[in-house]
Amino acid sequence: MPQLRSVVLAGGGTGGHIYPLLAYADCLRRHDPHVRVTCLGTEKGLENDLIPKAGYDLRNVPAHQLPRKVNLDLLLTAPRMLKAMKATRDVLDEVQADVVVGFGGYVAVPAYLAAWRRKTPMVIFEFNDPPGVANKMALKFSDNLALGFPHLAQASPILADGEFTGVPLRPAISHLDRNAMRAQACQYFGLDPRRPVLFVYGGSQGAASINNAVSGAAQMLAHRGVQVLHITGARRDEPVHIPEGLPVAYRTLPYLDRMDLGYAAADMVLARGGSMTVAEVSALGIPTVFVPMPWGNKEQYRNAGPVVAAGGAMFCDDENLSPGWIAEHLIPVITDRNRVLQMSQAAAAFGSRTGDEALRNYTLKVVSQA
């Protein structure tokens with residue numbers, strides 16, 4: 001196998017692109033502390049907060065969001081794309097890139113184009129159904145496709161020839177022993193490890209529908225002995241009102257940077273259906289109520305659908321989520337230890353904890369065949 005000396009990673013804008021990128025970068029560094037890892041981003045993306053903090057070199061390029069329809073005439077009709085591609089190629093030349101690995105998002109487009117023009121091997125990582133616009137375009141130039149979930153090859157013809165690797169997860173998640181860490185995690189949040197815990201979050205910005213439904217069910221949850229660890233969202237202006245005098249704990253936090261502890265404490269999760277959430281809860285075998293976002297192309301239903309079909313999770317439409325739904329559908333599950341165990345086993349059978357290592361091995365294979 002060849003040695004990777006310089007790897008360029010492209011993926012920005014949202015956490016869904018950045019978190020697997022960082023987990024993969026950590027994997028590369030574990031194998032070789034001297035490997036040069038360069039991350040591409042844009043000035044406005046979340047990567048500006050996350051990537052330098054993680055200790056990686058971030059180079060911003062003038063990438064722009066693509067129109068929904070992409071074709072090979074894009075180079076001729078979009079001068080700004082040519083500018084972004086040139087800036088990206090300058091970065092690839094400077095760091096003497098051996099390979100470009102793209103995780104989607106519009107910053108990946110000039111990276112793919114620059115790699116193609118430079119004849120640098122590229123790997124396209126996809127874990128959404130349907131695939132994003134950037135990765136659809138990249139597949140016109142390369143068939144080196146790694147898939148985050150096993151069902152994706154059957155879900156879309158354009159992904160049929162991809163190789164399943166799994167989603168790169170942070171070691172704090174992929175190596176988490178929930179049983180061994182439960183007591184410590186519960187102590188950290190002030191929870192009773194002998195009682196069930198519902199872990200609730202709606203993404204970094206929070207979700208008003210989730211916040212309102214779960215807080216509205218606080219009395220019913222508490223009187224059935226269910227504790228709640230509720231991440232309300234750092235950017236949510238609406239206060240979340242929790243009744244006083246509950247017989248068991250209901251903890252709220254605007255943000256949690258120790259998701260591993262949240263998962264370790266949890267008997268069940270209630271969250272959106274983003275790909276990273278699906279990857280993490282299934283890898284850890286945590287029964288989940290997925291409440292997909294009610295707008296867009298319904299991709300969150302497709303992301304989480306196989307876990308639901310396997311028996312490891314439940315769906316609740318956003319419009320149906322209410323205190324009444326929680327009382328009727330969620331509480332009977334989380335208070336039934338046998339049901340929780342069955343769902344946990346079903347989720348874990350779908351999940352993967354080795355996506356970072358598998359993607360690295362796939363990248364080495366691509367480079368060796370270039």
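The questions and answers below go through the core, helices, ring pairs and sheet of a predicted model.

Local features here need pLDDT of at least 70, side-chain atom pairs count only at pLDDT 80 or more, and totals for chains, interfaces and linings use all residues. Residues are numbered from 1 along each chain as its sequence is written, and side-chain values use heavy atoms, with hydrogens and water left out.

Trainee: How many residues of helix α13 are buried?
Mentor: Helices are DSSP runs of H or I with at least four residues, strands are runs of E with at least two, and both are numbered from the N terminus. Helix α13 covers residues 275-284 and is largely enclosed by the rest of the structure. Its buried residues include E280 as well as M276 and L284.

Trainee: Is the ring pair of W116 and F141 stacked, edge-to-face or tilted?
Mentor: Rings of Phe, Tyr and Trp (its six-membered ring) pair if their centres lie within 6.5 Å; planes under 30 degrees apart count as stacked, over 60 as edge-to-face and the rest as tilted. W116 lies in helix α5 and F141 in the loop between α6 (133-138) and β6 (145-147), 25 residues apart. Their centres are 4.4 Å apart and their planes at 45°, so the pair is tilted.

Trainee: What is the distance, centre to centre, between F199 and Y201?
Mentor: F199 and Y201 are both buried. Their rings form a tilted aromatic pair with 50° between the planes. The centre to centre distance is 5.1 Å.

Trainee: Which are the edge strands of the six-stranded open sheet?
Mentor: Two strands pair if DSSP finds at least two bridges between them. The order is β10-β9-β8-β11-β12-β13, with parallel pairing. Inside this order, five bridges join β8 (residues 197-201) to β9 (residues 227-231). The strands that each pair on one side only are β10 (250-253) and β13 (313-315).

Terms used: Buried means under 20% relative accessible area, exposed over 50%, partly exposed in between (1.4 Å probe, protein chains only).
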